[in-house]
Amino acid sequence: MKIVALETIRPAVQPNLLFVRLHTDTGLTGLGEAFYGARAVEAYLHESLAEVLLGVSDPTPERVAGLLTGYVGYQGAGVETRGNGAVDIAVWDLLGQVSGLPLTDLLGGTVRDEVAIYNTCAGPGYISSSARQEARNWGVGSGERYEDLRAFLTDPAGLARDLWDQGIRGMKVWPFDTAAERTGGTEISQADLDQGLAVLAAVREEVGLGMRLMVELHGLWSRPAAERILVALAPYRPYWVEDPLRADATAAYARLARVEGVPIAAGETCVGRRGFMPLLDSGAVDVLTLDIQWTGGLTEARKIASLADAYAVPVAPHDCTGPATLATCVHFVCSQPNGLIQETVRAFLHTWYDALVTGLPEISGGVARPGRAPGHGVRLREDLPDAQRRTTRL
Ligand SMILES: [Mg+2]
């Protein structure tokens, strides 16, 4: 089997998403994807990576991984890493199709048949107008069934009840981000603290402690301000507080971890085993929220999971980044001994994920189950509306 074409597809519905298809001379096609800066990743793939990939025979993940590492661009989740991650996922998908096995089997089989999910409370248009993680890019709509971002800001109790009634026992909110944007994260006022805490209080009052409550801080804070937030959050028993600081502030993480009763999750922007090592060495992180595509692909992600296991730290893969990645995540988390829980975004699942692909994992009653189709199982719908395509052939 030989790779004969690299095709990229940018769907209009989510301008940050880039699908990557590797075509082979057998007719099999592997699907991967990259999120953020889709045009830049597309240019890298066609102008730099295609010449490396086209003509490669029997592309196995480890063999291709050796080809993907360039002289520059291997540290940080930059364009090269995101493009490489998309290719890596596509190669795993090809391997699954050649062997007729789902990714879980290729990864050694299931440790668990299903995994608990939590809902990230975004709306369908979240992070779709630019490649910035900021309030201006929240894309908050009005009136949509799953506008969960507006809901957590305006009716957190109603949202918590709605999720609870769907069997979902985990929810993630980020009620402090606008305060961070106002001060550059240097400090938080009592009024801003109280406003964010009111969201958590409403959820706890409505559904109690049975709801896992994740508080996302998006790495926006200085250490003293983050410490103030964590101390204030402790009485609400968060399941974790995510990215209180940028992930490379490892010494500050070590100090922040002294706050009692608030587990810290981090890592979705870290790349590779060597990128995770300082965070694990800091001893500050209770959960690794690695992103399978941003970290360079599944080949690296499974090694990171093993590394985390050596530190007795569980992994909870990030999903805000596309349907093939989510499917890959579910196979991954169900096949890793330290797989904890899977992030999902119901607003995406029920809108643009479903509009773009078939073969998503079965998600209901608060759990996700990996499919039995070969590879990750996700296939593009053939009639994608308004999609920009570009192909480089052998
Ligand atoms: Mg996050």
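How are the donor residues of the magnesium ion spaced in sequence? The spacing is E-x25-E-x25-E. The model is predicted, with local features requiring pLDDT of at least 70 and side-chain atom pairs pLDDT 80 or more, while totals for chains, interfaces and linings use all residues. Residues are numbered from 1 along each chain as its sequence is written, and side-chain values use heavy atoms, without hydrogens and water.

The magnesium ion is coordinated by OE atoms of Glu 216, Glu 242 and Glu 268 at 2.0 to 2.2 Å. Donors are N, O and S atoms within 2.8 Å of the metal (3.2 Å for Na, K and Ca); water is not among the atoms, so sites may look incomplete. Glu 242 belongs to strand 7 (residues 240-242) and Glu 268 to the loop between strand 8 (264-266) and helix 11 (272-282), so this pair ties together parts 26 residues apart in sequence. Helices (H or I, at least four residues) and strands (E, at least two) are DSSP runs numbered from the N terminus. Glu 242 and Glu 268 are both buried, that is, under 20% relative accessible area (1.4 Å probe, protein chains only).

Nine aromatic pairs are present. Rings of Phe, Tyr and Trp (its six-membered ring) pair if their centres lie within 6.5 Å; planes over 60 degrees apart count as edge-to-face, under 30 as stacked and the rest as tilted. Tyr 118 and Trp 240 form an edge-to-face pair, at 5.4 Å centre to centre and 90° between the planes. Tyr 118 lies in strand 4 (residues 115-120) and Trp 240 in strand 7, so the pair ties together parts 122 residues apart in sequence. Both Tyr 118 and Trp 240 are buried.

Conventions: Buried < 20%, exposed > 50% of the residue type's maximum accessible area, 1.4 Å probe, protein only.
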